[in-house]
Amino acid sequence: MSEAAVRGKSQWKSVWIRFRKSTISLMGLSMLAALLLISGSAGIWIDYESQAIQHNMKQRLQHPSAEHFFGTDQFGRDVFARVVFGARISLLVGILTITLSLAIGSVIGSIAGYYGGRVGNLLMRMMDVLLSIPAILMAISIVAALGNGMFNLIIALTVSGVPRFAYIVRSIVLTIKNQEFVEAAKAYGSSNSRIILRHVLPNAIGPIVVQATTNMANSILLISSLSFVGLGMPSSTPEWGSMLSDAKQYMRHNPYLILFPGMAIVTAVMALNLIGDGLRDALDPKLRN
Amino acid sequence: MTGELLDIRGLHVVYRTLESDVYAINGLDLSVSEGETLGLVGETGAGKTTTALSILKLLPDRVGFITKGEITLDGVELTKVSEADMQMIRGNTVSMIFQDPMSSLNPVIPVGKQVEEVLTLHRRELSKREIDEQVDSIFGMVGLPPSRKHEYPHQFSGGMKQRIVIAIALSCQPKLLLADEPTTALDVTIQAQVLDMMRDLKEKLRTSMILITHDLGVVAELCDRVAIMYAGEIIEMGSIDDLYGTGDKHPYTEGLFGSLPSLTGDERRLHPIDGLMPDPTSLPQGCKFYERCPKRTGHCEAEAPALNVSGTHSVRCRLFAG
């Protein structure tokens, strides 16, 4: 173990030291940081209404130039502006979905794993039902039932994300709850909820973080897929999937229309997967040295 | 007996598994008075740890049950206490030290926080600063520098971890301490250190203790009284002099002492007790030691022997009757 890991006060410090060793994971992290930075600050230097929303037929289907980095689409909207604002939607919906499914999934998984018995069985069989339906089909049917829009999209993605987290949390809780320090915590008078919150979940944080990053990559793909088939965001909203869908008819003469949103999706998904891979290695105690 | 800190009467504990019922404790009587240290000795599976877990009411959920008997601790009948009240008793009136210090500390919480947790649970009236001071003084008490309280368990050696575990157990100055083989996982030199420390602390805090062990040497060093357990009951109990002296003992106790290698004699082999403990799923009707006893008689198989008391010494064996 490196010296900092021995002296350091926090485990996260030593995790960061191991994470830093992998160039490719650092690349993923900087890609994600760039995406967050550009999309976060976009409102300051790009005018959303005039660039990304308003139709401007005089300037339609222009190739990339100094004025329009990524060219313009069939309505004369700036593709660069739309890609940048699209990142906002994908990342925002992705982060909200992960937070929600992580919270709900952890509660369900902890209860099912810690208490077990009939209640735990019932909860996990419900999760089984959710898992047995492919995520995309589940999301399509929920959006079809509730209608388009960001809020419903988040609900749809959360429902398909919850069982994955519930399963992970449950399996970790099962291995940790029989360890002696949990018994010891009971022996000095901790209540069950306190044991779950203070002793069990903190030990589960590594695998949960890894699952969260890869799940977020999946969510971003799902958002784009749903929008591509017209079930995600309303079509005027700049969103990578619906941009791809709109560009289908023009791709022969204006390939950049499909290239840039496509690359944005690939970048976001790859960044998250690389980070997830790096975290998996950095958090695995067996690979520590 | 009144005035005892802990009084267990006729305790029966059963583990109900899918295949069969395991009779772990069968009519156990035990008492510990204030400031006293009782050694609980027996081979693996005799029910020593089960006894400790029964006192804490921490028998495995839906598996372990107290079917009969009473456990009175400091005037409270524990078998009738609700789980919520039990949480207030655990760590406060009675505390436990577990066998393996490596696994009884939470690896992701700094050790100081783990000591602090017990205090925040049971000493609600203390302010943040007072708790901090307590933690420091407890660390000093077990011989650890308080400056290391921000470190994680993996940064300590085995002996130091056991000191932390003891610090946690003693932080609320419990009246009774259950020590389940506190030194088995440590190497011999550290064992001596930890035992010395436990003896000092016990005297300083006037804590009663039940020391569970199979090390007869540790018992002689630390305990006032000894109870020998076999197949879920106490077959012999007495003062250190009663058991370590030259007087007559239960054949099983003789066997236990006989199995220790002698440092002075010229012996080439160890002398184990032949055979195994009876299967706890189907216990014999008569004396539980019958199968292995070198002094058995015809009566022993059919009829369970009563406890024969003389002074401080009591033996569950027909040889001692009348």
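The model is predicted, with local features needing pLDDT of at least 70 and side-chain atom pairs counting only at pLDDT 80 or more, while totals for chains, interfaces and linings use all residues. Residues are numbered from 1 along each chain as its sequence is written, with chains lettered from A and ligands numbered from 1 in the order in which they are written.

Q: How is H3(A) oriented relative to H12(A)?
A: Helices (H or I, at least four residues) and strands (E, at least two) are DSSP runs, numbered from the N terminus. Helix H3 (residues 23-45) of chain A packs on helix H12 (residues 256-283) of chain A at about 135 degrees, with the axes 8 Å apart; axes are lines fitted to C-alpha atoms, for helices over the stretch in contact, and angles run from 0 to 180 degrees between N-to-C directions. Angles under 35 degrees count as roughly parallel, over 145 as roughly antiparallel, 65 to 115 as roughly perpendicular and the rest as oblique. H3(A) is therefore, relative to H12(A), oblique.

Q: What is the hand of the crossing of H3(A) and H12(A)?
A: The test is how the near helix is turned from the far one: anticlockwise by less than a right angle is left-handed, clockwise is right-handed. For H3(A) and H12(A), the crossing is left-handed.

Q: How many residues of the contact of H3(A) with H12(A) are nonpolar?
A: Contact here requires C-beta atoms, placed from the backbone, within 7 Å. Residues of H3(A) including Ile24(A), Met27(A) and Leu35(A) meet residues of H12(A), among them Thr267(A), Leu274(A) and Asp277(A). Ala, Val, Leu, Ile, Met, Phe, Trp, Tyr, Cys and Pro count as nonpolar, Asp, Glu, Lys and Arg as charged, and the others, Gly among them, as polar. In this contact four residues are polar and one is charged, while the nonpolar ones number twelve.

Q: How many residues are nonpolar in the contact of H10(A) with H12(A)?
A: H10(A) contributes residues including Gly206(A), Val209(A) and Ser224(A), and H12(A) contributes residues including Ile265(A), Asn273(A) and Leu283(A). Six of the contact residues are polar and one is charged, and the nonpolar count is 13.

Q: Which element gives the most to the side of chain B that touches chain A?
A: The contact takes 24 residues from chain B and 17 from chain A. Helix H2 (83-89), strand S6 (94-97) and helix H3 (111-122) of chain B are the elements that give two or more residues to the chain B side. With three residues, the element that gives the most is H3(B).

Q: How many residues of H3(B) are buried?
A: Buried means 20 or more other C-beta atoms within 10 Å of the residue's own, exposed 12 or fewer, and partly exposed in between, with C-beta atoms placed from the backbone. The buried residues of H3(B), among them Val111(B), Val115(B) and Leu119(B), pack against helix H4 (128-141) and helix H5 (158-170) of chain B. H3(B) is mostly covered: of its twelve residues, the buried ones number ten.

Q: Which residue of S2(B) is the bridge partner of Asp7(B)?
A: Strand S1 (residues 6-16) of chain B runs antiparallel to S2(B), and nine bridges join them. A hairpin of four residues connects the two strands, and Val14(B) stands opposite Tyr23(B). For Asp7(B), the partner is Ser31(B).

Q: Is Ser50(A) buried or exposed?
A: Ser50(A) sits in helix H4 (residues 48-53) of chain A. Because it has 12 other C-beta atoms within 10 Å, Ser50(A) is exposed.

Q: What is the phi of Lys57(B)?
A: Lys57(B) lies in the loop between helix H1 (48-56) and strand S4 (64-73) of chain B. It is partly exposed, with 19 other C-beta atoms within 10 Å. Although Lys57(B) is not a glycine, its phi is positive, at about 55 degrees.

Definitions and conventions: Contact = placed C-beta atoms within 7 Å. Pairing = 2+ DSSP bridges.
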